[in-house]
Amino acid sequence: MTDMDVLIIGAGVAGLAAARELCAQGHNITILEARDRVGGRVLSVHESRLPVPAELGAEFVHGRPPEIWDLIRERALAACDVVGEHKAVRADISEPLEEVPIDPVFESMRRFTEPDRTFEAFLRECPCDEEAKTRAARFVEGFNAARKERISVQSLVQDDDAAAKIDGDRAFRILNGYDSVPKMLLPPEARMELGAAVREVRWRRGSVEAVTERGVFRAERAIITVPLGVLQAGAIRWTPEPRSVLTAACSLAMGDVFRITFLFRERFWEDDVDFSFLHSMNPNVPTWWSTLPVRAPMLTGWAAGPYFDRYLDRPAEESAARAQDVLARLLRMDAAEVRRQTVAWYFHDWHADPWSRGAYSYTPAGALPARAAMAAPVEDTLYFAGEATETEGHSGTVHGAIASGRRAARQMLRR
Ligand SMILES: Cc1cc2nc3c(=O)[nH]c(=O)nc-3n(C[C@H](O)[C@H](O)[C@H](O)COP(=O)(O)OP(=O)(O)OC[C@H]3O[C@@H](n4cnc5c(N)ncnc54)[C@H](O)[C@@H]3O)c2cc1C
């Protein structure tokens, strides 16, 4: 048994941000982390053969959220704007998709928020052009890793408004790797226990015991930042159950993503076509992006929401080969040539990962209040944080997760 002031469960950016805030106020913190590293769903691969780190989790800073930009400034990190052309193609690059603006669909969505409904139900009523609606659905599903027959229109409008306040249609990359952010957040004073998966939480007002294979840790209060998928899977036993939080967690949804980054011998596509993003109608891997403005021989494929289904429980080699076939079709090349060009590929199965059980959360229709219910302190003893508990329209992002960790720390400090 080890006694301390506050236990933090999970060393993703939410847990680390909470720790930083509490350590600054002189609290005695222990962080319990199941993995052998910090960062959670921020996972950058640094290898000497890689011109820039390969990001297996978060890659983009969406807009100018102060949670991240303050850190970028504090440590003078190198960040760059994501620039370059977005190309939309049908079957391959010789078949460009004609411009069909999808903004009118999102504008019309604002008239259909009461009562809340799914994006699919909204599309049935939306007066816009059918092609624009199909494209808008693909965008919503790809970006939010969500299903159109589940995701809430109210949540999409809230996210849109929140993004507008932080210049959210711009995107940036941190060149040294996104993992610079969790590294910066980690306060040196905090005690860190890696490889300490919490199996059970026993608690009453003013006292918490976390049971791990490395022992039992005890504190007056705890901030719990495990991902929504972990809470939903019942991977932690609660004595007693924090009912309001677990019920709210079950009404939200965890989205899935297949994401793969290839390192090639050269940028073999750039003479024919260069792009920052390639949006295709191919259902296997609809979206691809390059590292522009950095001209590295790397491309990333992305299949989210319903497009993830075909990767469920499939061997990584099979999925990688499927992605190479898609890329060959899109670039009008031989698949054998794409394979010859491939030096390595990088992939992490977030769905099978027991410490994430999915990529990031989204809000099903009618479930918007669930995020606030998860964020409400339980008996001034348990405080839940993590991207799924963010209530201002930034859930599913790194900056939203950081904000949630700070919010939980402040709730505790206000007591
Ligand atoms: C493929 C992918 C792409 C993404 N792209 C972007 C992007 O471009 N931009 C963006 O802003 N966001 C992106 N995100 C989302 C972003 O990564 C997350 O919202 C954010 O990192 C979540 O932080 P967190 O602290 O809430 O959770 P996590 O990072 O998941 O941290 C929770 C921690 O709890 C630990 N844990 C779990 N169970 C236990 C247990 N029982 N005991 C102890 N510890 C436990 C986990 O190991 C983990 O370290 C992406 C996510 C994925 C998966």
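**Close-up views of a predicted model**

View 1. Buried means under 20% relative accessible area, exposed over 50%, and partly exposed in between, with a 1.4 Å probe and protein chains only. In a regular strand the side chains alternate between the two faces of the sheet. Helices (H or I, at least four residues) and strands (E, at least two) are DSSP runs, numbered from the N terminus. Strand 2 runs parallel to strand 9 (residues 191-193), joined by three bridges; two strands pair if DSSP finds at least two bridges between them. Leucine 32 has glutamate 193 as its bridge partner in strand 9. This is a predicted model, in which local features need pLDDT of at least 70 and side-chain atom pairs count only at pLDDT 80 or more, whereas totals for chains, interfaces and linings use all residues. Residues are numbered from 1 along each chain as its sequence is written, and side-chain values use heavy atoms, with hydrogens and water left out.

View 2. Among the 40 residues around the ligand, Glu33, Arg41, Phe60, Val198 and Val398 come nearest; a residue is near a molecule or strand if one of its heavy atoms lies within 4 Å of it. The shell is made up of 24 nonpolar, 10 polar and six charged residues. Here Ala, Val, Leu, Ile, Met, Phe, Trp, Tyr, Cys and Pro count as nonpolar, Asp, Glu, Lys and Arg as charged, and the others, Gly among them, as polar.

View 3. A polar backbone atom of alanine 34 is 3.2 Å from a nitrogen atom of the ligand. An oxygen atom of the ligand is 2.9 Å from a polar backbone atom of glutamate 387, and a backbone N or O atom of valine 398 lies 2.8 Å from an oxygen atom of the ligand. The protein buries 98% of the 1000 Å² that the ligand exposes when taken alone; accessible areas come from the Shrake-Rupley method with a 1.4 Å probe, and for residues only the protein chains shown count as cover. Helix 1 (13-24) and helix 13 (398-414) are the elements that give two or more residues to the shell around the ligand.

**View 4. Strand 10 between two partners.** Strand 10 (residues 198-204) runs antiparallel to strand 11 (residues 207-212), with six bridges joining them. Valine 198 stands opposite threonine 212 in strand 11. Two residues separate the strands of this hairpin, in which glycine 206 takes a positive phi near 80 degrees. Strand 10 also runs parallel to strand 13 (residues 237-239), joined by three bridges, and valine 201 has tryptophan 238 as its bridge partner there.

**View 5. Strand 16 and its neighbours.** Four bridges link strand 16 (residues 277-280) to strand 7 (residues 86-89) in the parallel sense, with phenylalanine 277 as the bridge partner of histidine 86. Strand 16 also pairs with strand 17 (residues 287-290) in the antiparallel sense over three bridges. Leucine 278 stands opposite tryptophan 288 in strand 17, and strands 16 and 17 form a hairpin with six residues between them. Proline 293 lies in the loop between strand 17 and strand 18 (298-304), and the peptide bond from leucine 292 to proline 293 is cis, with omega near 10 degrees.

View 6. Two bridges join strand 5 to strand 8 (residues 171-174), and histidine 62 stands opposite alanine 171.

**View 7. Loop residues with positive phi.** Most residues other than glycine have a negative phi, and most peptide bonds are trans. Alanine 76 has a positive phi, near 50 degrees, and lies in the loop between helix 2 and strand 6; at 66% relative accessibility, alanine 76 is exposed. Arginine 357 also has a positive phi, near 55 degrees. Arginine 357 belongs to the loop between strand 19 (342-347) and strand 20 (360-362) and is partly exposed, at 35% relative accessibility.

Key: A polar contact is a pair of N or O atoms within 3.5 Å; within protein, one must be able to donate a hydrogen and the other to accept it, and residues adjacent in sequence count only if both atoms are side-chain atoms.
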